[in-house]
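Student: Hi! I've got a model open and would like to walk through it with you. Can we start with some strand pairing?

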Amino acid sequence: SSSYRCAFLMLTRRLRRLQSFLSPVSRRASRLARTQYDVIVVGGGHAGTEAAAAAARVGAETLLITQKTQTIGALSCNPSMGGVGKGHLVREVDALDGLCGRAADWAGIHFSVLNRRKGPAVWGPRAQLDRQRYREFIQSELLSTPRLTVVEGSVEELLVEEPDPERPGRHRVTGIRLGDDRQISAGAVVLTTGTFLSGSLFVGQTSSPGGRIGDAPSSAGLSHTLRDRLGLRTGRLRTGTPPRIVKESVDLSLAQLHPGDSRPSPFSFLNTHTRCKPEEQLPCYLTLTTPGVERVVRESLHLNCHIQQDTKGPRYCPSIESRVLRFPGRQHQVWLEPEGVTSDLLYPQGLSMTMPPEIQLRLIREIPPLRRAEIRTPGYGVQYDFVCPTQLSPALQVKSTQGLFLAGQINGTTGYEEAAAQGLWAGINAGRSALSMPVAALSRTESYIGVLIDDLVSRGVTEPYRMFTSRAEFRTSLRPDNADLRLTLKGFEEVGCVSSLRYKEAIRVRDAIQEAIAALQSVSLSSANWKKKLPACNISDGRSGCLTAMDVLLYSDISFDMLASVFPECFSSYSEFSQRLKIEAVYRPHCDKQRKEIERIQREESMALPDDIDYWSLPASLSQEAREILDRVRPSTLGAATRLEGITPAAVVNLFNYVNFKEKNDARTQKPNEKLEREEDLFARNDRLSSAGV
């Protein structure tokens with residue numbers, strides 16, 4: 001036990017030496033960089049890498065600053081990507097030409113689609129990843145991205161000046177100051193600090209500054225700038241990671257084998273297959289906790305300062321201590337996941353813990369397959385600052401500060417996928433803002449990314465936010481299979497973040513699917529004739545009228561390939577899209593109804609609320625609580641106001657009536673001017689006619 005504690009204290013001292021070493025590294029690296037960029041991205045995690053690449057794609061000269069270039073794209077915690085809800089985000093990031101989907105296809109070693117028993121709208125594509133391969137792919141992509149410079153450095157503080165009077169905001173961020181006092185200016189700065197903002201590491205009763213084992217802590221100056229200089233409200237969250245276990249010390253015969261899917265499904269719409277062949281996939285294993293695990297947790301609570309803190313932890317990915325305390329007497333799942341093709345370690349998903357290392361070893365050995373397990377690296381906890389996200393606009397820009405964007409765990413989220421989605425959108429808008437283009441908008445009716453951002457900026461967080469399909473009202477339309485058709489065209493035509501290659505592919509897919517649907521609707525037979533053509537079809541004999549092939553494809557026992565075998569001249573050329581067409585047929589009736597609802601909501605939600613509205617003196621029937629919430633959050637639209645916690649339907653109606661009345665009143669005051677303009681136009685027209693002799 002003392003050796004583990006000594007090792008942790010030695011690691012802490014090494015981190016401090018590493019921090020002092022980073023200054024000369026920063027000095028050498030920054031000499032290669034200019035002193036002026038369009039966008040500066042701080043942090044090289046999932047949010048930072050997507051933000052930097054996205055800003056560069058929209059045409060901004062971008063600088064990515066990270067403490068260590070070798071950790072860019074590192075999978076800090078679990079070696080996996082995707083899942084239910086999270087897989088939707090990865091597909092959408094890919095549809096907007098992001099990195100993580102293609103990286104997962106390259107680095108994946110085990111692919112599966114979760115929720116297969118339910119409808120395709122809530123399927124969860126997921127992959128186990130090789131840590132080294134994933135990191136190498138991301139670094140290779142970034143270092144070859146045009147207009148993107150990557151340097152090592154430690155950011156000490158933000159450069160803050162007086163705001164541009166033509167734009168809303170009390171402050172303006174104009175760049176950053178590095179550890180060597182060198183300043184680099186930019187039109188926009190994106191902070192993606194992850195768990196490093198005033199981060200603290202916890203093992204047992206020992207704590208030290210830092211956001212991740214092996215990396216130096218972030219500068220306290222950055223937290224000071226956000227809180228004291230910019231006046232942002234911050235909070236404190238916590239997370240943790242499990243110990244890494246030596247694979248050879250585990251008896252996997254006592255765990256339940258879970259192989260990957262026989263046909264791995266790629267994340268990226270540009271890929272037809274994954275790098276890892278089906279037969280090369282590594283399996284995962286499932287086991288369960290025992291009463292002995294609960295006993296060890298309870299006996300060691302007094303030695304675990306992290307779990308005793310009031311700081312909020314993740315409800316949906318909790319530590320084993322939290323699970324035991326919240327659900328006593330239960331068995332809990334533990335997934336033993338490979339960390340890579342050449343790695344000799346297993347990642348025990350579900351065993352995040354922060355107790356002393358010797359207690360961690362006692363605990364894992366209470367689980368049958370881990371009776372003789374050895375720990376390579378103990379688990380630890382992290383506590384860190386986050387910025388309350390209701391202070392952000394839907395573009396992920398700080399409302400009170402011009403030129404400052406936030407993405408990732410600094411906004412109170414948890415997970416690689418949520419961070420990547422925010423990073424992509426913050427990078428896009430930082431780039432567009434720096435290039436004097438209007439920021440882009442993404443509605444919750446058209447994407448899970450829109451749901452994520454709207455939830456954050458409208459409702460805020462009381463615990464680390466995680467994406468679920470249940471958060472999306474229109475999930476039958478927002479499926480993983482159609483993310484390219486929903487977002488890629490918009491990403492190219494309106495946002496400017498999608499390559500022409502991907503755009504052309506999306507156009508090809510869209511046109512082919514539309515042609516296939518038209519072909520399916522053009523083939524119409526009676527139910528009796530369909531029974532003759534497809535004996536397996538469960539069509540009722542008493543059904544009257546004709547059915548199109550699209551109608552028949554609705555039946556669960558009919559596939560597109562079956563239709564193509566009966567009508568090869570009509571359908572065989574579309575076999576590439578057989579699964580997508582099946583899903584399209586199943587959800588088409590639901591989506592038609594949902595589309596009308598979406599249009600209605602978009603009309604109502606798009607009503608803009610004035611930036612300068614004074615909620616305290618508003619002549620509307622609003623409670624003091626409602627006025628306080630609206631004044632604090634300052635929602636940009638009526639739709640955003642409806643989703644604020646504490647805002648009642650009656651308050652929304654009163655707010656709607658006030659804005660609607662104000663718009664009509666403003667229109668009435670403009671009518672005299674409009675009448676005068678119409679009279680002037682009429683006189684000018686008469687003059688032209690007179691001069692023409694009419």
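Tutor: Happy to, and keep in mind that this is a predicted model. Let's begin with E4 and strand E5 (residues 124–129), which pair in the antiparallel sense over six bridges.

Student: Which residue in E5 does Phe 111 stand opposite?

Tutor: Phe 111 faces Ala 127 there.

Student: And what sheet do those strands belong to, in what order?

Tutor: An open sheet of three strands, ordered E3-E5-E4, with antiparallel pairing. Strand E3 (80–82) and strand E4 (108–114) are the edge strands, each pairing on one side only. From one strand to the next, the twist averages 20°.

Student: What holds strands together in general?

Tutor: Backbone hydrogen bonds pair the strands of a sheet, either parallel or antiparallel.

Student: OK, new topic. How many residues of strand E19 are buried?

Tutor: Eight of the eight residues in E19 (residues 380–387) are buried, so the strand is mostly covered.

Student: How do they divide between the two sides?

Tutor: Tyr 380, Val 382, Tyr 384 and Phe 386 are on one side, with Gly 381, Gln 383, Asp 385 and Val 387 on the other. Both faces of E19 are covered. As background, side chains in a regular strand alternate between the two faces of the sheet.

Student: How many bridges join strand E12 to E19?

Tutor: Eight bridges join strand E12 (residues 234–241) to E19, and the two run antiparallel. In that pairing, Gly 235 stands opposite Phe 386 of E19. Strand E10 (residues 200–203) also runs antiparallel to E19, joined by three bridges. There, Phe 202 stands opposite Gly 381.

Student: Let's do helices. At what angle do H7 and H10 cross?

Tutor: Roughly 160°, with the axes of H7 (residues 291–299) and H10 (residues 357–364) coming within 8 Å. H7 and H10 are therefore roughly antiparallel to each other. H7 passes H10 in a right-handed crossing.

Student: Which residues make the contact?

Tutor: On H7, they are Val 293, Val 296, Val 297 and Glu 299, while H10 brings Ile 359, Arg 362 and Leu 363. The contact of H7 with H10 has five nonpolar residues, two charged and no polar ones.

Student: What about helix H4, how many of its residues are buried?

Tutor: Helix H4 (residues 100–107) is mostly covered, with seven of its eight residues buried. The buried ones are Cys 100, Gly 101, Arg 102, Ala 103, Ala 104, Asp 105 and Ala 107.

Student: I also clicked on Ala 641. Where is Ala 641 found, and is Ala 641 buried or exposed?

Tutor: Ala 641 is in helix H21 (residues 638–642). Ala 641 has a relative accessible area of 0%, so it is buried.

Student: What is Ala 641 in contact with, leaving aside its neighbours within four places in sequence?

Tutor: Leu 609, Leu 630, Pro 635, Ile 647 and Leu 655. Separately, Ala 651 is ten residues from Ala 641 in sequence, and their C-alpha atoms are 9.4 Å apart.

Student: Zooming out, how many helices and strands does the chain have?

Tutor: The chain comes to 22 helices and 23 strands. Of its 694 residues, 56% count as buried. Among contacts between residues at least 6 apart in sequence, 73% join residues at least 24 apart.

Conventions:
Residues numbered from 1 in each chain as written. Predicted model: local features only at pLDDT ≥ 70, side-chain atom pairs only at ≥ 80, totals over all residues. Heavy atoms only, no water. Axes fitted to C-alpha atoms, helices over the stretch in contact; angles between N-to-C directions. Helix = DSSP H or I, 4+ residues; strand = E, 2+ residues; numbered from the N terminus. Parallel < 35°, antiparallel > 145°, perpendicular 65-115°, else oblique. Left-handed = near helix turned anticlockwise from the far one by under 90°. Contact = heavy atoms within 4.5 Å. Nonpolar A, V, L, I, M, F, W, Y, C, P; charged D, E, K, R; others polar. Pairing = 2+ DSSP bridges. Buried < 20%, exposed > 50% of the residue type's maximum accessible area, 1.4 Å probe, protein only.
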